[in-house]
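This briefing is for a reader meeting the structure for the first time.

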Amino acid sequence: MSATQEPVKSGAAGAAVFAGSDSRKYNYYDPKGRKATHYEDMTVDVQPDPKRYLLQDWIISFADGTPTYYEGWTQLKSSDWHKFRAVDQEWERTHYQRQSTIVGMLKNVIDNGRRSGAPARFDKAWVKVLQDHVGAYKHAEFGLGTSTMQAQRYGYTQMINNAILTNSSYKLRFAQDLTLYLGEIALDIDGFDLDAGKTHWLEDPIWQGTRKSIETIMGANDYLEQYFATNVIFEPLVGELFRSGFVMQMAAAQNDFISPAVVSAAEGDYERNLANTVELFSMLVQDQQHGEKNRQILVNWAQTHGALALEAAKQLQPIWSQPRVKVAQFADALEQAKNRLRAITAEIGFDARAVIGG
Amino acid sequence: MPDGLTLNKIVAQRGISIGEATRRVADLGWTPSYVQEAMTFPTDYKIKKSPRDPMKQVLRSYFPMQEEKDNRVYGALDAALRGDMFRNVEPRWVEWMKLFLAIIPFPEISAARSMAMVGRLAPGEELRTGFAMQMVDEFRHSTIQMNLKKWYMENYIDPAGFDITEAAFGRCYATTIGRQFAEGFVTGDAITSANVYLTVVAETAFTNTLFVAMPSEAARNGDYALPTVFLSVQSDESRHIGNGHSLLMSLINDPDNHQLLERDLKYAFWQNHAIVDAAVGTIVEYGTTNRDKNKESYAELWHRWIYEDYYRTYMLPLEKYGIKIHHDDVAAAWDRMVKKNYVHLTAQFFSVGWPVNFWRIEAQTERDFEWFEHKYPGWYAEFGDYWKWYAKLSTPGEKAILFNGDVGYVYPHRCWSCMVPCLIREDFVCDEVDGQIYTYCSEICRWTHKTAFAAEYEGRPTPAMGRFSGRREWETCYDGWDVADAIKDLGFVRSDGETLMPQPHLIFDDKKMWKLEHLRGDKLGSPLQNFRKLTPEAREAAVAEYRKGFKINPIN
């Protein structure tokens, strides 16, 4: 009798006990904590590595011999790229839940605000600010979204690439959030010019520093430079400065309760993107073998992008004078942005004085 | 409330139209003037025309739609457990999921990465949202599949093989073809890989067999989870097909691109056929216990999805743009499916190699024979004795079929191009590339390596085209190793350190399971290394002998 003639009564766990019948955990990687998280199980080792399990090495290369994934795509070095775990622990389900919740929140706020006639009560000077400057700023968000979309191809592990991917998803969504929000309130406000934002983005001297800063990030050939410049430099010095330091503080005094809610979503996104970024770069700065060299590279990147972002921030100053009711000062907002940068860089493990002085 | 008045009517207010919304979103991009955008992956194509987005979607509607799809998927998984699905599931089927789900999450996430490559190449921003959605979709697919696999591991009778899944993916001789598939999406010429190979061919044609045909078979085997997950995955594919077609249309109008398009459609179609049909064909035909003669065979499904749906309604219309479609290759692939036993030979190969797998394969039985003969007349004469041998040799203590000289099976060469072995013996070819001898399953795979993946194509420089690299013949990695040592090195041993993860049967009883000791003493070898050592004359003779094929010895 051959072995195949035996019947199988149940395919359920526990129906029989035999070697390996209780091996019910992914066992090919070391979890960061005592137990593997669901995120780790969904993510770790999906992108293989010849240093781990990729027996036959990468089997296609680019024409110059560069393999499918290559550590040299960034100047930074790591003793073990696989140690990084995204702090926000996102995998598909949590990502869609969060994005969908945000989209639902925005829809409710905008729909109900419009239904109550709120946009028509916005202060006239503020309407122009929304049209020209929030309209311009949406392009900055889009630039960061496309830049991180590009960067998510280059990382050496699945954990790094997926963290950059969700960052891109958040940025692209927010750029669209602003676009559609302005499109919708334009239906309620006579004369609202939806093309003005792009014109200001491309031509207004107030926005040229920001555009240059964004284009420099988009032009960086090192994917971790893009990720670093986005979350460590641009976001605190320009992004948060404009979103929190201006829109969220000013809007209510101009009869606008909708814009702060719309913009607040981006602040929540950024906290998560920032946490992932700090985790990655602090890991690289603390690397026993490469940490010091990595720190130097970060300082260089911080100087390059910091100078541009600071210049961009200063060029935005006139916007703070444009609302009729002035409840926030540019100098205060900028100081807060600098403090934020100091805190972030200290967390990563280098000094921000090289960028913003003492 | 007056007749006809509804809540929707009460709360409705004028909104931005879909057309206006997509137009505004597409206007978010601009041409940088301070700094040039970063270098991206190269292409030899010229893209002058901005691709259009036929789907007109925005992320605001995308995320809630996807969350709703997820809710249905995860609700169904919970319901399957409450309904005690695993009590009635067919282990023959779930065992093959150890292979399939080890492979598929990496191709999926590679598709996400490839959106970086086409996203920046395509001029204009209209299709950017489509690419962004596809990027997030592929992230969805990769992690939802990792979740499904974990779910099987936690609830199926034999979790061994699921527990090492991504490690196994990197090491197994069978998952090699999945790595060729995935790396093909992201490496080399960006349009060749991310547009033609991925979206125009893999997603438009072959996801139908992957994500539609296979779930149907899963349901027939008591597995309601796979259809739930994969039909949800497939519902995203229509958008990806739209992205691919739109970018293709922006390329095809420039006659300068036609030569490369013809090359890439030929390469991509043939390699997708070679890889996907080998794996999915085997799983659908040999992983099932359902032998309903009224259901479609894999060959019939192929005819419906690939020949009728893809070739006749998608590829043929491309000829009006002036490109030549590789009709002969489609016919040749069909012949491989129905006349040359491609799927059956692959199943035979996978089962011969069971000791170095990480899942169980049980023998086909009389009931299976009856169905195969009905669907593929002549099957029994060709494969009946083989599967009887397989059943006979599935008991520990027998000489494993891989090394058993009584059976008459001749271990095949590996195809350097598609990575599937050269199973259709009469089509076997070899050639010299850059001074080295290689073996191929077919003339088109030889052409793919030597002619398509090269620095020049028909006199035209193709500096962006990729190259084949790495230790592509798996057997080279263990040339001369004792098979027991190789299995240990692969990690395909259960937690007791002795019992093999793979078994040639579905008996869940330690006493009847194979251990390392049952296999020790036989050596693995590399057909290619030996082939290269031959003199040119001896090699020619070896090719002629190989093309004659082999005959399985009768079994009493």
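Read along the sequence, chain A of this predicted model follows the pattern α-β-α-α-α-α-α-α-α-α-α-α-α. That gives twelve helices and one strand in chain A.

**Chain A as a whole**

- The C-alpha atoms of chain A fill a box of roughly 90 × 50 × 40 Å along the principal axes.
- Chain A has 358 residues, and 66% of them count as buried.
- Among the contacts in chain A with a separation of 6 or more, 78% come from residues 24 or more positions apart.

- The size of an interface is often given as the accessible area lost when the parts come together.
- Here chain B and chain A bury about 10100 Å² between them, with 60% of that area on carbon and sulfur atoms.
- On the side of chain B, the residues that lose the most area to chain A are B:W30, B:R60 and B:R113, which together make up 9% of what that side buries.
- Across the interface of chain B and chain A there are 58 residue pairs in polar contact, counting pairs with both residues at pLDDT 80 or more.

- A:T146 is placed in helix α4 of chain A (residues 124-151).
- A:T146 has a relative accessibility of 2% and counts as buried, because buried means under 20% relative accessible area.
- Leaving out residues up to four places away in sequence, A:T146 touches A:L172 and A:M218 in chain A, and B:R120 and B:R128 in chain B.

**Salt bridges between the chains**

- Side chains of opposite charge can pair when their charged atoms come close.
- A search of the whole structure finds 67 salt bridges over all chains, and the count between chain B and chain A is five.
- A:D41 forms a salt bridge with B:K150, and the closest N and O atoms are 3.0 Å apart.
- This pair joins two chains, because A:D41 lies in helix α1 of chain A (residues 38-43) and B:K150 lies in helix α7 of chain B.
- A:D41 is buried, at 5% relative accessible area, and B:K150 also counts as buried, at 12% relative accessibility.
- Another salt bridge pairs B:R140 with A:E92, where the closest N and O atoms are 3.7 Å apart.
- B:R140 and A:E92 belong to a network of salt bridges that also links B:K69, B:D70, B:D137, B:D236 and B:R239.

**Salt bridges within a chain**

- In chain A, the side chains of A:R342 and A:E335 meet in a salt bridge with an N to O distance of 3.5 Å.
- A:R342 counts as partly exposed at 24% relative accessibility, and A:E335 counts as partly exposed at 36%.
- In chain B, B:K511 forms a salt bridge with B:D509, and the closest N and O atoms are 3.8 Å apart.
- B:K511 is exposed, with a relative accessible area of 73%, whereas B:D509 counts as partly exposed at 24%.

**Strands and their pairing**

- Strand β1 of chain A (residues 60-61) runs antiparallel to strand β5 of chain B (residues 467-468), and two bridges join them.
- The bridge partner of A:S61 in strand β5 of chain B is B:R467.
- Within chain B, strand β1 (residues 429-433) and strand β2 (residues 436-440) pair in the antiparallel sense over five bridges.
- B:V429 stands opposite B:Y440 in strand β2 of chain B.
- The hairpin of strands β1 and β2 of chain B has two residues between the strands, and B:D434 takes a positive phi near 50 degrees there.
- In a regular strand the side chains alternate between the two faces of the sheet.

Technical notes: Residues are numbered from 1 along each chain as its sequence is written. Chains are lettered from A and ligands numbered from 1 in the order in which they are written. This is a predicted model: local features need pLDDT of at least 70, side-chain atom pairs count only at pLDDT 80 or more; totals for chains, interfaces and linings use all residues. Side-chain values use heavy atoms; hydrogens and water are left out. Buried area is the accessible area (1.4 Å probe) that two parts lose on being put together, summed over both. A salt bridge is a side-chain nitrogen of Lys or Arg within 4 Å of a carboxyl oxygen of Asp or Glu. A polar contact is a pair of N or O atoms within 3.5 Å; within protein, one must be able to donate a hydrogen and the other to accept it, and residues adjacent in sequence count only if both atoms are side-chain atoms. Two strands pair if DSSP finds at least two bridges between them. Helices (H or I, at least four residues) and strands (E, at least two) are DSSP runs, numbered from the N terminus. Buried means under 20% relative accessible area, exposed over 50%, partly exposed in between (1.4 Å probe, protein chains only). Contact means heavy atoms within 4.5 Å.
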